[in-house]
Structure formats: structure tokens, C-alpha cells
Amino acid sequence: MYDLAIIGGGPGGYVAAERAGAAGLKVILFEKNELGGVCLNEGCIPTKALLCCAKTYDHALHGKTFGVSADAVSFDFSKMMERKTRVVRRLVGGVKAKMKAASVEVVKGSANIEGRTSDGFEIACDGQSFTASHLLICTGSSAAVPPIPGLAESGAIVTNREILALDELPESLVIIGGGVIGMEFASFFNSLGTKVTVIEMLPKILGNLDGEISAMLQAIYAKKGITFKLGCKVTGIDGNEVIYETAEGETERAAGTKILVSVGRRANIKGFGLENIGVIAERGIKVDDHMRTNVPGVYAAGDVTGFSLLAHTASREAEVAIANILGGDERMSYCAIPGVVYTSPEVAGVGLTEEQAEGCGVLKLPMAYSGRYVAENEDISGLCKIIYDKASGKVTGLHMLGTPCSEIIQSGCIAIESGMTVGQLKKIVFPHPTVSEIIKETLQGV
């Protein structure tokens, strides 16, 4: 008999298991693939490892700008992929060590919820039966594959999973979907010389991010050679060609050695017995701000809720769920969930965008106002944008284009979550010289 059974060992499941185990609960964690989930094995970590390789190559290629010369600069695609695999294995090993330290029992296999008895929730896995008082669902999400005619027959199609296992660099790549996943792979392959075409149904890339910043990033990558087809609807796949309809209603084609389908992700809500205990799920499992489902004793966290499909959201939701299972009264807050795009330059944002901030104050400043940024970048294009409520003065959004904004955006998260005003944030001392000072400089406009 276990206090808690967790289905899914991604950033929601393994964080929950560690917290619960450390608090003294008897925990069992089911994972059918590898610990770490999509994030660690097929998403966040392997893509960042590859993007780091591409960035290193790009720095070497343009070293003369910084007074550094090499006789020849080249890259080995297979070694990049090998390094990516080593990084993933090392981190998966770290998660396993955490589970052992927290006394979490890990079962590798496909778990199925059989039902509920007076003893608790019955779960079957590989011919064995397990019982737990509480149940936490962290089954994540999978790449959405739309029913495009010809897609199933094309040997050129890949998703984020298959593209991370390529044996050789494709000469050309057509990416269906200009969201975060699409743009990160566009950045990586463009850096290595692949001819990249991005086809996006919306009139802009990076859908929910600040419009001005996404337009700036698009312009930067257009200069680097990426072709963008925006406002276009894919109507079919013919071998290695994508057939699409333009905003003007014309039919065109784009050919690629490989075709990456990255049109979003769908919550994994089928195939493990949710229906056997009556959990309500539509596009995702419905939960309240305590991460409780409609069934007492059953919680859900991460992509499976279909709400915020981000690893860091999953981890925090898992912490909230465990706190409440332990008898606390924690609520999940979504007001300061950051989003990052690890292109070169990086994009990061949290809170309201300028489009969403009707009646709010908007402060903008080019990244070139940061001495550190100018010292380390030849291309000093970039932007810092702060959104604030005019009545209260509270910071409601921070959006940035320019590396390393992924490491700086947390300042905006803290300001928004804690209800800081622009006046209070202005009084914070930022170290000099750092790129983070751009936030303080931007605030001087109010």
C-alpha cells in the first residue's frame, strides 16, 4: 500500500515524487519510457544541447570580429548528436539518483488505473497490481500530428522526436509551424547551413509572444536566410514537398529533404484508465487551483492538464499538488509563468504583452543601452519592454529580445508575482556591467 502513486516521470512527476518522498510519504512512480519525460529526453534538454553546439560553431565562424582567428572552422554533425545524447544520459542518471535518495519506488512500464476500492486506487503495470491512497497524473503531452493528406505516406516527415535522432544533416528542411519548437529547430539547422523554410498559419511567428519582438526575431532570421511563409495553410504533402495555400489564395509548394511537423502538442489523456475512475478530461484533465481533479484524492499536473505546456509550469504544479496532498492549502498562480525561445538571439517574456495591455503603460528601450550587451555582440539589435498598470504602478509584463534574456527574465517573474511597482523595481541595485541592467535603464522612462 502506497501513500501516493504517480503516473508519468517527467518534470511534473519526478519533482512531485522527490518532494513527496522527502516529506516521508511512501511513493511509487510509473514511467513507461525514461525518467525525465519529453523535456529531458526529447525536448528541452537535447534541443538546448544542440543549440549550444550551433552557437559554439557560429562563434568560431565569426571569431575574426573579436580578434580571434582559426585556420579552418568546421563541425561534425554526428559528434553534436553524440554530445546531446551524453548530456541527456547524465541528467537522466541524476533524476534516478534523486528518486533513490527520496526512497521513491520507480516502476518502468505502462500503468493502467483499474478502479477504486475502499483501500484506494488500484493500478496495474506489467502484470502486477499496486494500491495507493492518492493518485497524481503527470502523463504529459505528445506532438500533435494533423490529418494532412499525404502526411502519413511521406518518408520525409519528422516530429521533434525523430529530428533529434537524425544520422546526417539535411540539405533542406521545411518546418510546418512557426511556434517555439519550430523556431528553435529553425535556428539550429540554419546555423549549420541547412536551407530552412517555415510555414505558419498565423500572420506571425511565435503566436502568443509579444508581436513587436516576434517580428524583430523574424527579421533577424530572414537576414540569416530563413524563408518565412506566414498566413499560409498547409493542404497536403506530396513526397518531400509541402503544398500550401497562401493568404492570397494561391497554391504553392516548398520542398525539403526533411519536413518537421511542429504544430503544437496534445495532452496524453487516453490509454491509462482515467475513465475507470471518472476523471473529467476534455482537451486536458480539468483541475482547480489546488491541482485537484473532480475525483477526491486524484490530482494532475503538467501538460496533461492542457493549460500551460511548459516544464517549469509542470514542476510548480507538482509542488502545489504535493503540498495539498500533505494537508496544506497552496494554490497555483499563473500570473508570472515565463516563456523562453532559445534562438540566437534569445526571446523571453512573462506576463501581459503589449497587445494584451490595453490601457497599460509601456516602456521600451533597445538592448544597445546595455554596455555589457554592446561589448559582447556585434549585432546589437534587441529590445527590452516593460508593461505596467498606470493606476497602481504594478509591473504586469516584461518582454525581451537579446541573449541572455533567458537568464534575466526571472527578474520580471519576481516583480509580477510579488506585486512590485515600477518604482520599487527601480530601487533594486543591478550589478554592473551586466545585461540585466537594461531592465533598470528601461524603467527610467517612467
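**Notes on the model**

1. At 35% relative accessibility, Arg19 counts as partly exposed (buried means under 20% relative accessible area, exposed over 50%, partly exposed in between, with a 1.4 Å probe and protein chains only). The side chain of Arg19 meets that of Glu319 in a salt bridge, 2.9 Å from N to O (a salt bridge is a side-chain nitrogen of Lys or Arg within 4 Å of a carboxyl oxygen of Asp or Glu). Arg19 belongs to helix 1 (residues 13–22) and Glu319 to helix 8 (residues 311–325), so the pair ties together parts that are 300 residues apart in sequence. Glu319 is likewise partly exposed, at 24% relative accessibility.

2. On the basis of these notes: this is a predicted model, in which local features need pLDDT of at least 70 and side-chain atom pairs count only at pLDDT 80 or more, while totals for chains, interfaces and linings use all residues. Residues are numbered from 1 along each chain as its sequence is written, and side-chain values use heavy atoms, with hydrogens and water left out. Helices (H or I, at least four residues) and strands (E, at least two) are DSSP runs, numbered from the N terminus.

3. How many salt bridges does a search of the whole structure find? The search finds 18. Side chains of opposite charge can pair when their charged atoms come close. One further example is Lys364 with Glu212, whose closest N and O atoms are 3.0 Å apart. This pair links distant parts of the chain, with Lys364 in strand 20 (residues 361–366) and Glu212 in helix 7 (residues 211–223), 152 residues apart. Lys364 is partly exposed, with a relative accessible area of 40%, and Glu212 is partly exposed at 31%.

4. Glu354 sits in the loop between strand 19 (347–351) and strand 20, and Lys385 in strand 21 (residues 383–388), 31 residues apart. Elsewhere, salt bridges that share partners join Glu18, Arg19, Arg316, Glu319 and Glu330 into one network.

5. Two packed helices are described by the angle between their axes and the distance between the axes. For helix 3 (residues 44–61) and helix 4 (residues 77–101), the axes come within 9 Å and cross at roughly 140 degrees. Axes are lines fitted to C-alpha atoms, for helices over the stretch in contact, and angles run from 0 to 180 degrees between N-to-C directions. Helix 3 and helix 4 are therefore oblique to each other (angles under 35 degrees count as roughly parallel, over 145 as roughly antiparallel, 65 to 115 as roughly perpendicular and the rest as oblique).

6. Which residues make the contact of helix 3 with helix 4? Helix 3 supplies Ile45, Pro46, Ala49, Leu50 and Cys53, and helix 4 supplies Met80, Met81, Arg83, Lys84, Val87, Val88 and Leu91 (contact means heavy atoms within 4.5 Å). By class, this contact has 10 nonpolar, no polar and 2 charged residues.

7. Helix 3 also packs with helix 6 (residues 180–191), at an angle of about 35 degrees and with the axes 9 Å apart. The contact is made by Thr47, Lys48, Leu50, Leu51, Ala54 and Tyr57 of helix 3 and Glu184, Phe185, Ser187, Phe188 and Ser191 of helix 6.

8. Most residues other than glycine have a negative phi, and most peptide bonds are trans. Ser103, in the loop between helix 4 and strand 3 (105–108), has a positive phi near 60 degrees and counts as exposed at 60% relative accessibility. Leu206, in the loop between strand 10 (195–200) and helix 7, has a positive phi of about 50 degrees but counts as buried at 3%.

9. Cis peptide bonds deserve a separate entry. One joins Thr403 and Pro404, with omega about 10 degrees; Pro404 is in the loop between strand 22 (395–401) and helix 10 (410–417). Another joins His432 and Pro433, with omega about -5 degrees; Pro433 lies in the loop between helix 11 and helix 12 (437–443).

Conventions:
Ala, Val, Leu, Ile, Met, Phe, Trp, Tyr, Cys and Pro count as nonpolar, Asp, Glu, Lys and Arg as charged, and the others, Gly among them, as polar.
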